Amino acid sequence: MERADNNRSVTAGDTASDTRATQRQGLLDEIKGLRHFSNRGLFALSLFLVVSTLAWRNFPYLPRPEAIVASLGPPPTSQIISMVLILYTFSAIILSLCRMMASIRHRSSFCHVGYLSVFYFFYYLADGLADNYWAVFGAGFTILLMESYRIWTYCNEGIIKKTEQLAYLERTGRLPLDDSPSDI
Amino acid sequence: MFDKIAGRALVPVGIVVTGFLIVCFLLLYSAIKTVVVQDSVGHANNLAGIVLKSTRYAMLKSDRELNSAIVQNISQQKGVEHVRIFSKTGIVAFSSNAGEVNRQVDKKAEGCILCHAKNEPITTLGNMEKARTFKNSVGEDVLAITTPIYNEPECSEAACHVHPSTQKVLGTLDIGLSQDATLNSLSSIRGQMALFSVLTLILTMAGVIALLKMIVLQPMRKLQEYTERSELNSSLEHPSNLPYELDKIAKSYYFIRNKLEEVEQKAANTGKHL
């Protein structure tokens with residue numbers, strides 16, 4: 001009888017130890033994931049710089065604008081593209097600030113590289129790339145820098161929170177009651 | 001830098017305001033430049049029209065001397081770089097530079113290729129298509145207008161030198177204008193816009209920093225100083241004139257501090273009795 005009780009307590013101890021190890025590993029994985037995610041903005045910024053370099057060289061791998069215009073039809077004028085660029089920059093910055101305020105995890109950086117490449121492409125077709133290159137570059141750099149900062153601060157806060165949870169787990173053997181692992 | 005409130009608050013504001021201002025500046029300047037260049041091309045086209053009207057009578061009379069005099073006089077006007085009139089075959093008939101007269105022009109040269117790219121030359125062009133820009137031998141920017149001289153009934157029916165009525169274009173006028181005035185205007189506009197943008201940026205950042213310091217940082221410092229001093233002096237009153245949120249924190253801290261003091265005194269009294 002006594003031996004059975006001992007066996008039961010050993011099994012319960014093993015289960016608690018397993019749960020603790022699983023929670024510890026989960027937290028470590030989440031910290032690793034956040035560290036990886038925090039670089040996302042910088043990767044997007046690097047990709048944008050590559051696209052900007054191609055645009056600076058007037059897209060050497062694309063057919064001439066005349067050939068594209070002949071098959072697709074005339075593009076919008078540079079003025080219309082510029083107005084849309086201002087609207088887009090304004091909206092993107094406001095969205096980024098709102099996400100920063102609400103602490104929302106959002107993977108939007110690479111979409112912006114796509115949108116900005118489209119602006120480069122339209123200016124290329126409208127023969128206005130030389131005049132408006134720096135405007136697109138400035139818009140892209142601002143938006144992606146803002147997104148990088150948002151993602152970096154979000155991940156930094158998450159890493160601090162997870163590290164505190166990990167320290168609490170090491171100290172007490174359980175996670176803090178008010179912090180669920182899915183918070184961040 | 002990012003540990004403090006000022007750093008965390010000012011970095012996004014700085015990025016957003018500076019970036020958006022630069023983008024707006026560049027796009028606005030590009031739009032203004034387009035308008036100024038279009039205006040300049042419009043003026044150059046008008047001038048080309050005036051030259052054609054001025055030489056029309058002399059051409060009808062086939063008066064080479066009068067034509068040369070008109071071309072020379074116009075080219076002496078400030079800002080006019082060159083004036084040339086080509087025949088249908090591309091030979092310079094009149095020019096402000098006497099050395100060019102009777103020379104053949106290559107139809108593949110810049111300014112000619114636009115119409116002569118195909119076997120059948122184009123005979124009508126829009127205002128912007130007539131214009132081209134290049135640097136002259138001394139490195140100055142020149143805006144040139146190449147405009148066709150069309151055949152008119154007076155030309156084809158004239159007794160002196162008959163052109164067939166089927167010939168649509170009789171020759172070409174090429175007039176080059178110095179771009180110095182336009183570029184100076186653009187440079188002045190660019191400078192003023194840059195100054196305005198920098199002033200706006202400085203004012204915005206100064207406003208944000210001043211408000212942040214007044215509304216957040218100074219009350220936070222008061223609260224910080226209060227908590228630090230109350231560790232040494234527990235009877236210290238909490239600071240007044242704090243914003244609502246910070247005032248609540250200060251009052252809570254004051255309340256906890258007093259409770260702690262009471263508990264400590266009780267514990268001390270109990271210890272004495274024992």
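Student: In β5(B), which residue is the bridge partner of Arg84(B)?
Tutor: This is a predicted model, in which local features need pLDDT of at least 70 and side-chain atom pairs count only at pLDDT 80 or more, while totals for chains, interfaces and linings use all residues. Residues are numbered from 1 along each chain as its sequence is written, and chains are lettered from A and ligands numbered from 1 in the order in which they are written. Strand β1 of chain B covers residues 80-87, and β5 of chain B covers residues 169-178. Within β5(B), Arg84(B) has as its bridge partner Asp174(B).

Student: How many bridges join β1 of chain B to β5 of chain B?
Tutor: Strands are DSSP runs of E with at least two residues, and helices are runs of H or I with at least four. Two strands pair if DSSP finds at least two bridges between them. β1 and β5 of chain B run antiparallel, and the number of bridges joining them is seven.

Student: In what order do the five strands of chain B stand in the open sheet?
Tutor: The pairing in this sheet is antiparallel. β2 (92-95) and β3 (131-135) of chain B each have a single partner strand and stand at the edges, so one side of each is left without a neighbour in the sheet.

Student: What pattern does chain A follow along the sequence?
Tutor: Chain A has zero strands and six helices. Read along its sequence, chain A gives the pattern α-α-α-α-α-α.

Student: Are α4(A) and α5(A) roughly parallel or roughly antiparallel to each other?
Tutor: The axes of α4(A) and α5(A), the latter spanning residues 109-125, come within 10 Å and cross at roughly 165°. Angles over 145 degrees count as roughly antiparallel and those under 35 as roughly parallel. The two helices α4(A) and α5(A) are therefore roughly antiparallel.

Student: Which residues in α5(A) meet those in α4(A)?
Tutor: Two residues are in contact if their C-beta atoms, placed from the backbone, lie within 7 Å. From α4(A) come Ser78(A), Ile81(A), Leu85(A), Tyr88(A) and Ala92(A). Their counterparts in α5(A) are His112(A), Tyr115(A), Phe119(A), Phe122(A) and Tyr123(A).

Student: Which element gives the most to the side of chain A that touches chain B?
Tutor: The contact between the chains takes 19 residues from chain A and 14 residues from chain B. On the side of chain A, the elements giving two or more residues are α4 (78-102) and α6 (129-172). With eleven residues, the element that gives the most is α6(A).

How values were computed. Axes are lines fitted to C-alpha atoms, for helices over the stretch in contact, and angles run from 0 to 180 degrees between N-to-C directions. Angles under 35 degrees count as roughly parallel, over 145 as roughly antiparallel, 65 to 115 as roughly perpendicular and the rest as oblique.
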